[in-house]
Amino acid sequence: MKIAVAGLGYVGLANAVMLAAHNTVIITDIVQAKVDMVNNRVSPIEDMEIKTALATEPLDITASHADDFDFSPFPYAIIATPTNYNEKTGKFDTQSVESVIESIIKANPGTIIVIRSTIPIGFTRLMNARHNTDKILFAPEFLREGKALYDSRNPSRIVVGGNTPLAEAFADILLASSDKQDAEVLITSTDEAEAIKLFSNAYLAMRVAYFNEISTFSMTKDMNAAAVVRGVCLDPRIRDGYNNPSFGYGGYCLPKDTKQLSSNFKGIPSSIIGAIVEANDARKTFISNELLKRQGVIGIYRLVMKSGSDNFRESSVLHILNTLISAKREVVIYEPLLKEATFHSCPVIASLSEFKATSGTIAANRMSHELSDVATKVFTCDIYGRD
């Protein structure tokens with residue numbers, strides 16, 4: 001099978017690598033540097049399984065710049081372009097997805113289009129109506145950043161929205177490329193598949209916010225948050241997972257997906273989804289205020305939202321950093337991924353030992369063994385030493 005993939009981010013590249021083990025895959029992107037890296041079998045994103053697969057596995061995968069790409073030879077085209085949340089409009093910006101859809105249909109109206117970008121509920125149905133087709137499907141992805149290929153090959157479930165034999169056929173392609181042949185497959189309407197994606201991420205965000213509020217309460221009442229969280233999670237109905245307090249959820253998905261779902265609820269009686277967004281904002285404000293109580297230089301250890309990631313986007317640390325800057329506090333940053341001398345007007349210190357010596361308090365969303373020798377300086381809510 002020849003499969004085209006549009007978008008060289010976590011979702012697109014993970015899908016392309018997974019499918020390239022059994023199919024011919026060409027992945028396209030607007031950034032030439034990413035295209036060149038894939039063609040040189042180097043991963044442009046931080047994901048150990050993707051790095052290893054590109055370097056060592058006999059994959060039938062090539063990359064091409066979007067300007068030179070022709071979709072006409074492909075029976076399947078997967079869209080995995082970014083859909084950022086627009087605060088002004090109160091919804092996802094789907095322009096990149098719409099543009100790719102138009103290019104595919106213009107090149108080959110018979111191509112089956114599978115959207116894997118996160119989109120508003122009702123979007124796929126609207127696209128099918130606009131283009132007078134039933135060949136546009138939606139297949140939500142449930143991937144962790146830094147573990148995207150592993151999760152693609154070991155899916156928790158395979159969901160395809162379309163309610164047609166086309167959806168079943170694409171689900172079979174995903175299952176055939178999976179290492180988990182007993183993964184449950186669910187075929188739904190496109191609206192239902194879009195809702196599954198947003199409600200799944202909203203639940204995860206709610207869980208993060210819930211355990212963060214346990215941490216906030218424990219810090220305020222001088223209690224051991226680890227003991228409270230452990231006791232709560234011993235209930236088999238609650239269990240471990242997504243229960244390690246942080247400075248707030250962030251990253252590609254949870255912030256924008258909760259806001260989009262909250263927007264979808266307009267006119268529908270609800271309170272939980274909006275409360276999740278508010279709870280995350282309250283958590284970041286609480287952490288910022290706690291840091292403002294500290295004296296001396298505040299060091300920010302890593303801007304990424306979690307270890308094994310190269311993503312700053314919507315990181316809770318950025319909100320906290322901006323609050324400290326607004327309060328005119330002296331801040332230094334340690335972030336190996338930054339090559340600039342400053343970030344948001346704050347000095348970036350390349351030497352970890354110099355960073356430790358300069359900082360009076362070190363704010364670390366996640367504790368690291370690198371900070372064990374200055375543990376008394378570290379301000380963190382991490383109780384497990386894991387993501």
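Predicted model: local features only at pLDDT ≥ 70, side-chain atom pairs only at ≥ 80, totals over all residues.
Local features need pLDDT of at least 70 and side-chain atom pairs count only at pLDDT 80 or more, while totals for chains, interfaces and linings use all residues. Residues are numbered from 1 along each chain as its sequence is written, and side-chain values use heavy atoms, with hydrogens and water left out. Helices (H or I, at least four residues) and strands (E, at least two) are DSSP runs, numbered from the N terminus. Buried means under 20% relative accessible area, exposed over 50%, and partly exposed in between (1.4 Å probe, protein chains only).

**Helix α5**

- In helix α5, residues 123-130, the buried residues are F123, T124, M127 and N128.
- These residues lie on the same side of α5 because they cover an arc of only 135 degrees around the axis, the arc being that of the directions from the helix axis to the C-beta atoms.
- An α-helix has 3.6 residues a turn, so residues three or four places apart point the same way.
- The cover over the buried residues of α5 includes α4 (95-107), β7 (112-115), β8 (136-138) and α8 (190-220), where contact means heavy atoms within 4.5 Å.
- N132, which follows α5, has a positive phi, near 50 degrees.

**Cysteines**

- The whole structure has 0 disulfides, a disulfide being a pair of cysteine sulfur atoms within 2.5 Å.
- C233 is in no disulfide, and its nearest cysteine sulfur, that of C381, is 16 Å away.
- C233 is buried at a relative accessible area of 5%, and C381 is buried, also with a value of 5%.

**Salt bridges**

- The count is 15 salt bridges, each defined as a side-chain nitrogen of Lys or Arg within 4 Å of a carboxyl oxygen of Asp or Glu.
- One of them joins K259 and E87 at 2.6 Å, N to O.
- K259 is in helix α10 (residues 254-264) and E87 in the loop between β5 (85-86) and β6 (91-92), so the pair links distant parts of the chain, 172 residues apart.
- K259 is partly exposed at 22% relative accessibility, whereas E87 is exposed at 55%.
- R125 and D191 form another, with the closest N and O atoms 2.8 Å apart.
- This pair ties helix α5 to helix α8, since R125 lies in the former and D191 in the latter, 66 residues apart in sequence.
- Both R125, at 48% relative accessibility, and D191, at 22%, are partly exposed.
- R302 and E335 meet in a salt bridge at 3.0 Å, N to O.
- R302 is partly exposed, with a relative accessible area of 22%, and E335 is buried, with 2%.
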